[in-house]
Amino acid sequence: MKNFNKLLSIVFAAVTAGVAAFALANSAFVARLPGDVILGAGASLAILGFATYDYSRRYLPLHVPAPLLRPKLTSSGAAPCVTRASRKDRLAA
């Protein structure tokens with residue numbers, strides 16, 4: 001029942017707005033205004049409304065996944081010592 005009352009009130013509001021729009025469309029005031037003026041005013045209001053909505057949005061940080069480059073160090077932190085190969089490891093030619 002609660003949803004039906006809400007639906008009924010929404011339909012009633014839409015019908016009231018429609019009746020008001022049709023009554024205004026038949027008035028002499030609207031008949032004197034050119035269509036391009038009304039279209040231009042509507043487009044300007046739409047752009048202004050979108051700009052206001054976009055400006056008043058909550059700031060959301062941008063998180064972009066990126067690889068983190070870190071140098072690899074040895075366990076002691078120093079460069080490994082270079083050892084000379086002995087003569088036993090070499091093959092005879």
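The legends below accompany close-up views of a predicted model.

**View 1. Overall fold of the predicted protein.** The protein contains 3 helices and 0 strands, and its elements follow the pattern α-α-α when read along the sequence. Of the 93 residues of the protein, 0% count as buried, and the accessible surface comes to about 9800 Å², with 68% of that area belonging to carbon and sulfur atoms.

**View 2. Nonpolar patch on the surface.** The residues F4, L7, L8, V11, V15 and V19 form a nonpolar patch on the surface, and together they have about 570 Å² of accessible area.

**View 3. V11 in helix α1.** V11, one of the residues of the nonpolar patch, lies in helix α1, which spans residues 2–25. Because its relative accessibility is 43%, V11 counts as partly exposed.

**View 4. Confidence along the helices.** The mean pLDDT of the protein is 75, and 73% of its residues reach 70 or more. Confidence is lowest in helix α2 (residues 28–32), where the mean is 70, and highest in helix α3 (residues 35–55), where it is 88. Where pLDDT is low, predicted coordinates should not be read in detail.

Terms used: Residues numbered from 1 in each chain as written. Predicted model: local features only at pLDDT ≥ 70, side-chain atom pairs only at ≥ 80, totals over all residues. Heavy atoms only, no water. Patch = residues over 30% accessible without salt bridge, like charges linked within 9 Å, V, L, I, M, F, W, Y side chains within 5 Å. Areas by Shrake-Rupley, 256 points an atom, 1.4 Å probe, with all protein chains shown as cover. Salt bridge = Lys/Arg side-chain N within 4 Å of Asp/Glu carboxyl O. Helix = DSSP H or I, 4+ residues; strand = E, 2+ residues; numbered from the N terminus. Buried < 20%, exposed > 50% of the residue type's maximum accessible area, 1.4 Å probe, protein only. pLDDT = per-residue confidence, 0-100.
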